[in-house]
Amino acid sequence: MRLDILTCLPELFDGPMNQSIVRRSMDKGLVEIEIHNIRDYSNHKQKSVDDYAFGGGAGMVLTIEPIDNCITALRKKRNYDEVIYLTPDGKTLNQGIANGLSLKQNMILLCGHYKGVDQRVRDHLVTREISIGDYVLSGGELAAMVLADALIRLVPGVLNDESSALTDSFQDNLLAPPVYSRPAEYKGWKVPDILLSGHEARIEAWRHDQSVELTKKKRPDLLDE
Ligand code: 6GU
């Protein structure tokens with residue numbers, strides 16, 4: 001999987017994209033991430049990437065030219081399966097969307113800022129719009145990192161225990177069961193006996209039961225889907 005992330009704040013990606021699973025996936029050669037500063041594609045003397053909105057109103061708009069220049073330059077090098085715009089009015093990200101996108105090869109993630117991007121970018125260059133929830137962030141960068149993380153951990157070979165992505169909460173619309181580790185008793189707080197029984201089939205049944213009960217209690221909406 002290759003992700004090309006377009007942003008006017010590339011420094012924001014320095015930390016999170018160089019840690020743990022993301023770093024390892026890149027070191028293993030399973031994932032490539034390149035951050036592009038939209039400013040580098042501006043034809044203005046001041047390298048500006050935003051301008052006033054036609055018709056007036058507060059807030060600057062990311063202009064189409066640098067974004068189109070950047071996407072055009074990238075498209076000359078390879079084909080892209082998706083150009084994803086991160087925006088609070090996009091489709092809310094969930095595990096199903098992440099699973100689907102994790103099968104794609106090359107994707108461009110475009111981070112919005114200010115009052116958003118020129119509508120023509122959305123109409124003509126973007127193939128998909130994704131939000132990470134019903135609240136407003138100051139830019140699409142954190143959302144792009146959330147999406148990247150959700151996708152990268154699904155790429156085969158990225159997780160050490162390949163089955164572990166499959167047992168995540170949400171993977172089958174059920175919350176994950178509780179987990180315990182040593183000691184078996186701490187301050188009188190005990191681990192459920194069944195988990196110490198060594199009875200694999202019964203343990204599996206118990207875990208599934210717990211998943212269903214937890215989901216009913218905490219996220220009944222998932223059972224309706
Ligand atoms: Cl993708 N962008 C911004 N700016 N805010 C958000 C979001 C995205 N998703 C939820 N809130």
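The largest nonpolar core holds 30 residues. A nonpolar core here is a set of buried Ala, Val, Leu, Ile, Met, Phe, Trp, Tyr and Cys residues joined through side-chain atoms within 4.5 Å. Buried means under 20% relative accessible area, exposed over 50%, and partly exposed in between (1.4 Å probe, protein chains only). Ile33, Ile84, Leu86, Leu101, Ile130, Leu147 and Ile152 touch the most other members. Two or more residues each come from strand E1 (2-7), strand E5 (82-92), helix H3 (95-101), strand E6 (106-111) and helix H5 (141-152). H5 gives the most, with 7 residues. Helices (H or I, at least four residues) and strands (E, at least two) are DSSP runs, numbered from the N terminus.

The model is predicted: local features need pLDDT of at least 70, side-chain atom pairs count only at pLDDT 80 or more, and totals for chains, interfaces and linings use all residues. Residues are numbered from 1 along each chain as its sequence is written, and side-chain values use heavy atoms, with hydrogens and water left out.

Ile84 touches Leu101, Met107, Ile108, Leu109, Leu110, Arg128, Ile130 and Leu147, leaving aside residues up to four places away in sequence. Contact means heavy atoms within 4.5 Å. A second, separate core has 18 residues, including Ile38, Val49, Ile71 and Ile108.

Backbone geometry comes next. The peptide bond from Arg182 to Pro183 is cis, with omega near 5°. Pro183 lies in the loop between H5 and strand E8 (185-186). Two non-glycine residues with positive phi are tabulated.
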